[in-house]
Structure formats: structure tokens, C-alpha cells
Amino acid sequence: MNKKTRSPLFHIAKRSTLPWYRAWAIRGGALILALLVCAGVTALLTGQNALLLYVTMFKGSFGSARKIWVLLQNIAMLLCVSLAVTPAFKMRCWNLGGEGQVLVGGLASVLVMTLLSPYLPNWLLILAMLAASVLVGAVWAGIPAIFKAQWNTNETLFTLMMNYVATQLVAFYIAYRFPKGTGTMGVINGDTRAGWMPYLFGQQYLLNILIVALVTALLYAYLRYSKHGYEIAVVGESERTARYVGIKVKRVIVRTMLLSGAICGLAGFLLVSGTDHSLSTTSAGGRGFTAVMVSWLAKFNPIWMIFTSFLLVFLGKGASEIASQFRLNESFGDILTGIILFFIIGSEFFIQYKIMLTKSAEKEEKAHD
Amino acid sequence: MKKIIALLLALVMVFALAACGEKPVENNAPAENNAPAEAPAENAVTVKVGFIFLHDENSTYDLNFIKAAEEACKAAGIEYILKTNVPEGQECYDAAAELVDEGCNIVFADSFGHEDYMIQAAKDFPNVQFCHATGTKAHTENIANYHNAFASIYEGRYLAGIAAGMKLNQMIEEGKISAEEAKIGYVGAFTYAEVISGYTSFFLGARSVCPSATMEVTFTGSWYDQALETEGAQKLIDRNCVLISQHADSLGAPSACEAAGVPNVSYNGSTEEAGPNTYIVASRINWAPYFSYIIDCVKNGQAIDTDWTGTFATGSVELFPLNEKVAAPGTQEAIDAAKAALEAGTLHVFATDTFTKDGAELTEYLADVDTDDAFTPDTNVVSDGYFHESENRSAPYFDVQIDGIELLDVNFG
């Protein structure tokens with residue numbers, strides 16, 4: 001016993017690929033564990049009934065028809081930004097500038113909405129806003145893309161920095177327009193509702209949701225069946241291979257980033273025209289970053305992303321509902337979200353690797369003694 | 001094997017602890033459960049109020065509203081729902097609509113930026129009363145079920161300013177500073193009328209007892225940002241400001257003052273706990289009278305004022321008790337005298353003979369009373385020798401940059 005070197009309790013080994021149902025079983029298990037830990041933490045820290053927490057969480061998203069619409073709308077917005085960053089991610093080009101691209105897209109919509117609303121009929125105004133947002137979003141992503149393609153700059157840092165520039169642009173615009181205000185823009189065209197997306201069947205969010213559903217389908221087809229999609233996949237696997245088979249890598253990078261930015265711009269347009277009718281520095285609401293997780297967890301598959309964005313929105317809403325209903329402060333909601341994300345991301349580790357107890361080997365030895 | 005047992009034991013302990021934690025469940029959990037059992041008065045409407053707050057209890061501003069909401073609703077024996085951390089965007093509309101869905105017949109929101117979304121909701125739900133604090137549009141929008149409210153808090157600020165001036169005088173008398181060094185520092189949120197009105201009335205109060213007082217103002221560009229507020233207060237202290245006050249909602253400035261030993265005058269809530277050795281006094285708007293008023297209106301089927309201004313008389317403008325440990329002797333007497341004069345109408349906070357703008361007395365001033373995007377001045381509010389604050393509409397519109405106050409910066413967030 002003394003002679004023996006102490007072996008660790010367990011060791012880690014890479015898994016061969018898991019069948020999809022086992023991978024999702026692990027993810028589901030992680031989620032249940034996360035919810036249990038959340039309940040435990042809440043019970044310990046606040047003395048609240050754990051079961052009541054889950055009921056509250058569920059009610060926060062599904063409590064009424066309106067809540068379901070809001071949930072769907074939030075899913076649609078997160079999904080839209082996630083769809084936007086996905087083609088770039090698939091190409092291993094880390095576009096972390098979703099936040100900024102959404103904001104400048106929104107800002108373009110706001111400008112068109114305020115400046116052109118007296119001159120254009122509503123349908124044309126909305127189309128002009130859409131075009132402006134998509135264009136500006138694309139430009140915002142195109143700048144780092146050109147730098148990456150031409151001079152191989154680091155797109156992660158570049159797109160991140162562009163976020164700050166975008167935030168300040170929005171802050172500057174608000175300060176310029178409303179110098180005596182409180183950093184808010186207020187609703188634009190509240191009386192005329194010019195540039196507001198129409199309500200379908202009396203539902204404010206329906207059109208938004210349908211547009212994002214359409215984009216999801218289109219992007220799925222684009223990545224899966226088009227030549228561009230194939231090129232993106234090849235460049236993502238290996239730039240050298242891509243070059244060898246004659247793919248113009250620089251062009252693919254710029255083209256894909258433009259697409260990425262354009263969809264972000266669309267998200268900005270949807271925020272301004274479809275829901276907020278206003279813009280603030282926090283309008284993008286961190287979606288540009290949450291999108292990374294949505295896209296990654298879904299393995300860059302737009303259809304799975306519907307599910308992962310649902311998951312993240314549902315959990316986020318649940319956490320803030322708990323914080324609000326139980327009179328805990330906002331940070332507590334963040335703590336719960338943090339715990340849940342920790343487990344979800346952690347589950348990916350267990351899908352990639354397995355943990356094996358070292359004991360079994362030791363036991364065998366003992367049996368031989 | 002031992003390791004596994006140890007691990008299991010640890011887990012068991014964790015879960016046991018969690019289980020212990022679950023036992024003392026007080027079933028006060030969701031706010032809705034606060035409904036009292038009393039039967040409502042004969043054939044009166046059952047009132048249920050939904051409240052929308054920008055932040056939560058960590059913000060002195062929102063805490064002040066939350067306390068008043070609970071106080072008024074409990075006193076009236078009615079149901080209420082609180083929604084905290086509602087941003088100034090579409091979320092506000094959604095929150096208001098959800099409150100209507102849950103049966104509220106009054107919906108209240110507490111932040112300036114909520115206004116447009118409240119108006120939108122008021123148009124969509126004409127049978128529900130929408131009340132909004134600090135807003136400016138109700139008197140021009142002509143929506144029967146949309147109302148603004150504020151209080152003549154500039155009078156409370158003036159009284160708090162007197163406490164500050166008395167403290168400066170004490171420091172001068174004790175030889176800690178010379179009369180010229182009586183410089184106040186002020187941490188503001190935005191260059192916005194409510195903030196300008198607040199710091200100016202505070203300054204005029206201080207200068208009414210300490211004539212050599214001057215003031216420097218820095219802005220954070222946010223209603224609630226602890227780091228920026230701490231930084232702002234520290235910057236002012238480093239610039240030799242000997243007394244600090246603030247209009248921003250975290251404990252940043254009071255904590256910085258306590259650390260540096262600089263006297264502090266607060267707003268919206270007593271910060272005595274954060275600064276037992278530096279906190280002097282705080283003024284606040286007590287919202288409970290307004291909440292009681294709107295509850296009674298709906299209960300009795302009466303119309304709510306489109307634009308309601310609370311005063312000393314309604315119990316809306318209040319000063320917290322002085323922190324005798326820090327306040328200068330005689331402060332309470334000075335405050336009481338000024339308050340009596342304000343109430344009698346013999347003293348006006350913005351009396352035009354007490355301040356100048358660009359070296360000249362103000363004889364006429366067009367204020368932006370009727371809100372528009374461009375902040376167009378539209379109404380003369382100077383007459384009878386004083387600036388008529390909160391008379392043409394409840395929300396403050398005093399935005400004159402008077403002499404003696406230096407803005408170090410502006411910040412738009």
C-alpha cells in the first residue's frame with residue numbers, strides 16, 4: 001500500500017462520437033442538474049420553496065397568451081442574431097460584433113424613420129428602413145472582413161472593438177438629438193406610427209416571428225445545399241485545402257461576413273420597426289454574445305438553433321421572473337442564469353470526453369493479490 | 001474507496017443543507033399573495049395596482065417607490081403586483097400589458113423613459129388608468145386614462161441645501177476651510193431639467209445660509225451606476241470639494257464620502273447606514289400620498305388628475321431626520337424656519353433676486369413645458385419675482401445654468 005504511487009480517482013479520455021440521442025441525453029441531464037442546483041442555491045440563500053420556483057419560472061414564459069407571444073418574439077430576435085453569426089462561425093471566422101452590427105442596423109432604421117417619414121408612403125418607408133439597416137449592418141461587418149482578408153488581422157478583436165464604436169455612435173446620436181434628455185430616445189412616430197411594421201391578425205410580433213422563420217429556412221438551405229455553403233464549410237475546415245481546390249478564400253471571407261452583418265442589420269431593423277420603435281445603447285441586449293452560445297450549442301445548424309435559442313430565452317426569462325416575483329434583486333437572476341449556462345457548457349465537455357474511475361484497475365490488481 | 005465515500009458524504013451534506021434551507025418557507029413569496037382577506041367596501045370597485053420599476057431595491061430611487069407602493073396598498077387593503085428591473089423600452093409596454101392581463105386597473109411606472117410605452121399602453125387599454133411619475137406629456141396628450149405626477153421636490157432640496165450650508169458655515173467657523181473654500185461637489189445623472197432643478201435648488205438653499213458657497217457638478221450619464229458615481233464623487237473630492245451631494249441612485253457617492261470623511265447630503269433615501277459619520281440629511285418624495293390618492297379615485301369612480309403635483313401639504317415632500325452626529329448645531333431650527341416660510345409663500349426657492357444667469361437677473365424665461373422632440377421653449381415661467389417651478393406641469397422644467405455652479409462635464413450615457 002505504501003509503496004504504491006497514489007493514482008488519481010479518475011482520468012479523462014476523449015470519446016468517440018456519440019450517437020445524437022446520447023449527446024442530447026447528456027445535455028438534458030445537465031439541464032436537470034442545473035435546475036436542481038438553482039433550486040438548492042435559491043432555497044439556501046433565500047429560504048424559498050424550490051418547487052414554487054419552477055412554477056414561477058414556467059409561468060414567466062407561458063403564463064398567458066401575451067407572455068407566450070413575448071417569449072416567441074424574444075426567441076425570434078435571439079435566433080435572428082444567432083443565424084447572422086453562424087455562417088461566419090462555420091467558416092471559423094469569429095464574428096463577435098453581432099451586438100454592434102445590430103445597433104448600427106437599428107440606427108440606420110431610426111435615421112430613415114425620422115428623416116424620410118414625411119416623404120414616403122408607409123410601405124416604402126419600411127422597405128427603405130430595411131434596406132438601410134441591412135446595408136449598414138453589412139458594412140459594419142465588412143470592414144473587419146476586408147482587414148482580415150487583406151492583412152490577416154484578428155477578426156475577434158476587430159469585431160469586438162467595432163461594438164464599442166457602434167454603442168458610442170448610438171449614444172452620440174441620442175445626445176445630439178436629445179441634449180436635455182435622459183439618454184433615451186422615446187418612441188419614434190408615436191402618433192403616425194409611420195415606419196412601424198404592421199400588426200398581422202392583431203398580433204404585434206407575428207410578422208417579426210415569420211420573417212425570422214423564413215430567414216432560418218433560407219439560411220439552412222444556403223449552408224446545406226448551395227455552393228457558397230459548401231465553400232464556407234471547406235474554408236472552415238482548412239484554408240489550405242480551400243485554396244488547393246481553387247476556392248477564392250479572401251472572397252469567401254468577405255462575402256460571408258457581409259452576409260453575417262446584413263442579417264444582424266435585419267435584426268436591428270426588426271427591433272426598431274417591429275418592437276421598440278426606438279433605440280438605445282442597450283437595445284441589442286447582449287444578443288450578439290448570447291448568439292455565440294446559441295450557434296455553438298446547435299453545432300451551427302439553423303434548425304437546432306431554434307431549440308437552443310428557445311432554451312436560453314426561456315431560462316433567462318425564468319431567472320428574471322424568479323428574481324422579480326420573489327423580490328430578489330436582478331443580480332440573483334444573473335446568478336441563476338450563470339449556474340444554468342455553466343452546466344450547459346459543461347455538458348459539452350462530457351459529450352466530448354468521458355471520465356473513467358481509476359479504481360476499477362486497482363481493484364483488479366487487488367484481486368490478483 | 002475512501003475518496004468516493006468522502007465525495008458522497010459531501011454531497012449528502014450539501015443536500016441536507018439545502019433541505020434545511022427549504023423548511024422555513026414563508027409563503028409571502030409572490031407579491032400577489034399579499035391580498036388581504038377584508039371584504040371590499042360596499043359596491044366600490046375592487047382596485048388592483050400594478051407597479052413597474054426601472055431597477056430594484058438596490059437603487060435608492062426605486063426603493064423609495066417600492067416602499068411607498070407597499071405602504072399605500074397595505075393601508076388601502078388592496079392587491080398589488082410589483083415588477084422590477086423593467087427597461088425603458090418595449091419591455092415596459094409588455095410589462096404594462098401583462099399587468100392589465102393580470103387584472104390591474106391601475107398601472108404605474110416610475111421612470112422617465114417609460115413614458116412613451118405607458119402612453120402606448122394607455123391607448124390600447126382605455127379602461128385601465130395609467131399613472132407615470134416624472135413624465136411630461138400627460139397635459140398635452142389628452143388621453144383620459146393617462147396621468148403624470150411629480151412633487152415640488154425642489155422645496156425639499158432647498159431645505160437639504162440649508163443643512164449643507166450650515167455644515168459649510170460650521171467648517172468655516174472651526175477654521176477647517178476658509179470662506180472661499182466652501183465648494184460643494186454634486187454628482188448628477190443627466191443634464192436634464194429634473195437634475196438641474198434639483199442641484200440648483202439645493203445650491204440656492206446652501207447659499208442662502210453660506211453666501212460664499214460655490215458648486216461643481218459632474219455627470220454620470222446613467223441613473224444608476226455605482227462605479228461611475230463613486231468615481232464622480234472621488235473626482236470632486238480630489239478637486240477640493242468639501243461637501244458632496246448627488247442625484248444618482250446608487251450608494252456610490254455616499255460610500256466614497258464616508259471613505260474620504262467628506263460630509264454628504266443624499267436624495268431619495270437615507271444613506272446613513274452607508275455613511276454613519278458623513279451623512280447629514282436627505283430629502284425625498286414620499287409617493288405614498290399619491291398612490292393612496294389614485295387608489296381612492298379608482299375606488300370611488302372619480303377622475304385622476306392629469307398632472308398631479310405633491311407638496312409639503314400633501315405629505316409628498318419630506319426630509320429624513322437629521323443625522324445629529326454630523327449636522328451643524330442649529331440646522332433643524334433653520335430648516336423649520338425656511339419650511340414655514342416656503343409653506344406660507346413668503347419665501348420662493350427660485351426667487352430671481354437670489355441668483356443670476358450670465359451676471360444678469362432673470363426677468364423672463366421661456367421653459368419647455370409642453371414636451372416636443374426639440375425641447376422648444378414655449379411658456380414664460382418667471383413672474384412676480386420668482387421662477388414658477390412645477391406649477392405649469394408637475395415635472396420640473398427649471399433648466400437655467402445659474403452663476404456660481406460650474407459644470408465640469410456633460411455626459412449622455
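These notebook entries record what I looked up in a predicted model with chains A and B.

**Conventions.** I number residues from 1 along each chain as its sequence is written, and I letter chains from A and number ligands from 1 in the order in which they are written.

**Entry 1: chain B overall.** I counted 11 helices and 17 strands in chain B; helices (H or I, at least four residues) and strands (E, at least two) are DSSP runs numbered from the N terminus. Chain B has 413 residues, of which 54% count as buried. I call a residue buried if 20 or more other C-beta atoms lie within 10 Å of its own, exposed if 12 or fewer, and partly exposed in between, with C-beta atoms placed from the backbone. I then looked at contacts in chain B between residues at least 6 apart in sequence, and 67% of these join residues at least 24 apart. A contact requires that the C-beta atoms of two residues, placed from the backbone, lie within 7 Å.

**Entry 2: the side of chain B that touches chain A.** How many residues of chain B are in contact with chain A? I find 38 residues of chain B in contact with 38 residues of chain A. On the chain B side, the elements that give two or more residues are α1 (2-22), α3 (90-101) and α4 (115-124). I sorted the residues of this side into 16 nonpolar, 11 polar and 11 charged. In this sorting Ala, Val, Leu, Ile, Met, Phe, Trp, Tyr, Cys and Pro count as nonpolar, Asp, Glu, Lys and Arg as charged, and the others, Gly among them, as polar.

**Entry 3: the two domains of chain B.** Chain B is divided into domain 1 (41-152 + 287-310) and domain 2 (154-284 + 324-407), with bounds that come from an automatic or database domain assignment. The C-alpha centres of domain 1 and domain 2 of chain B lie 28 Å apart. The contact takes 20 residues from domain 1 and 16 residues from domain 2 of chain B. On the domain 1 side, α2 (60-76), α5 (138-141), β5 (146-151) and β11 (307-310) of chain B give two or more residues. Of these, α2(B) gives the most, with four residues. I find six nonpolar, 12 polar and two charged residues on this side of domain 1 of chain B.

**Entry 4: the largest nonpolar core.** I take a nonpolar core to be a set of buried Ala, Val, Leu, Ile, Met, Phe, Trp, Tyr and Cys residues joined through C-beta atoms within 7 Å. The largest one holds 220 residues, and Cys80(A), Ala267(A) and Ala96(B) touch the most other members. The largest share of this core, 14 residues, comes from α10(A). Domain 1 and domain 2 of chain B each supply at least three residues to this core. I listed the contacts of Ala96(B) beyond four places in sequence: Ile52(B), Val107(B), Tyr117(B), Met118(B) and Ala121(B).

**Entry 5: strand β4 of chain B.** Five of the five residues of β4(B) (residues 129-133) are buried, so the strand is largely enclosed by the rest of the structure. Gln129(B), Cys131(B) and Ala133(B) are buried on one side, and Phe130(B) and His132(B) on the other. Strand β3 (residues 106-109) of chain B runs parallel to β4(B) and is joined to it by four bridges; pairing requires that DSSP find at least two bridges between two strands. I note Gln129(B) in β4(B) as the bridge partner of Ile106(B).

**Entry 6: Asn127(B).** Is Asn127(B) buried or exposed? I find Asn127(B) exposed, with 7 other C-beta atoms within 10 Å. This residue is in the loop between α4 and β4 of chain B.

**Entry 7: Trp140(A).** Trp140(A) is in helix α5 (residues 122-151) of chain A and is buried, with 32 other C-beta atoms within 10 Å. Beyond four places in sequence, the contacts of Trp140(A) include Gly97(A), Gly100(A), Met162(A) and Gly261(A).

Conventions
Predicted model: local features only at pLDDT ≥ 70, side-chain atom pairs only at ≥ 80, totals over all residues.
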